[in-house]
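Hi everyone, thanks for coming. Have a look at the slide while I talk you through it.

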Amino acid sequence: MDQALADERGEIQTKKYIAKLFKAFTHLPPSAAMKLYGDLFTESEAVMLAKRLEIASGLLVGETYRSIQRRLRVTPNSVAQIRRVLKISGEGFKVARELFR
């Protein structure tokens, strides 16, 4: 099997794993989803994901980079990465933000 085919198969398998993860989170009741979240992610990973969502939320309401950095104790690069995602699409962040309005 050539490397390109192996890489493609690996990518397809990875997408299947991710789809299963999302299915689990979207089909479980909230309390069970929180337990799964706690089992899957370390505390630092959970904090990192939560901060990404908070960065996006701040940017979407016009908060400055500096304010976000101070409030969340994140680097300028972290804010810039989320800004890039929002410029390209950021639909997931925008939908999630609507949940908390």
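Let's start with Gln69: is that residue buried or exposed? Gln69 counts as buried, because its relative accessibility is 13%, and buried here means under 20% relative accessible area, exposed means over 50%, and partly exposed is in between, with a 1.4 Å probe and protein chains only. Bear in mind that this is a predicted model, where local features need pLDDT of at least 70, side-chain atom pairs count only at pLDDT 80 or more, and totals for chains, interfaces and linings use all residues. Also, residues are numbered from 1 along each chain as its sequence is written, and side-chain values use heavy atoms, with hydrogens and water left out.

So where does Gln69 sit? You'll find Gln69 in helix H4, residues 65-72; helices are DSSP runs of H or I with at least four residues, strands are runs of E with at least two, and both are numbered from the N terminus. Skipping residues up to four places away in sequence, Gln69 touches Val74, Thr75, Pro76 and Val79, where contact means heavy atoms within 4.5 Å.

Next up, Leu60. This one belongs to helix H3, residues 43-60. Leu60 is partly exposed, because its relative accessible area is 31%. Which residues does Leu60 contact, leaving aside neighbours within four places in sequence? They are Leu86, Phe93, Lys94 and Arg97. And Arg84, 24 residues from Leu60 in sequence, is 12 Å away in space, C-alpha to C-alpha.

Over to helix H1, residues 3-27, where we find Ile18. Ile18 counts as partly exposed, because its relative accessibility is 40%. Together with Tyr17 and Phe22, Ile18 forms a nonpolar patch on the surface, with about 330 Å² of accessible area. Accessible areas come from the Shrake-Rupley method with a 1.4 Å probe, and for residues only the protein chains shown count as cover. Patch members have over 30% relative accessible area and no salt bridge, with like charges joined within 9 Å and nonpolar side chains (Val, Leu, Ile, Met, Phe, Trp, Tyr) within 5 Å. A salt bridge, by the way, is a side-chain nitrogen of Lys or Arg within 4 Å of a carboxyl oxygen of Asp or Glu.

Now zoom out. The protein chain has six helices and zero strands. Its radius of gyration is 17 Å, well over the 13 Å that the globule rule gives for 101 residues, so the chain is more spread out than a compact globule. That radius is taken over C-alpha atoms, and the rule is 2.2 Å times the number of residues to the power 0.38. Finally, 19% of the 101 residues count as buried.
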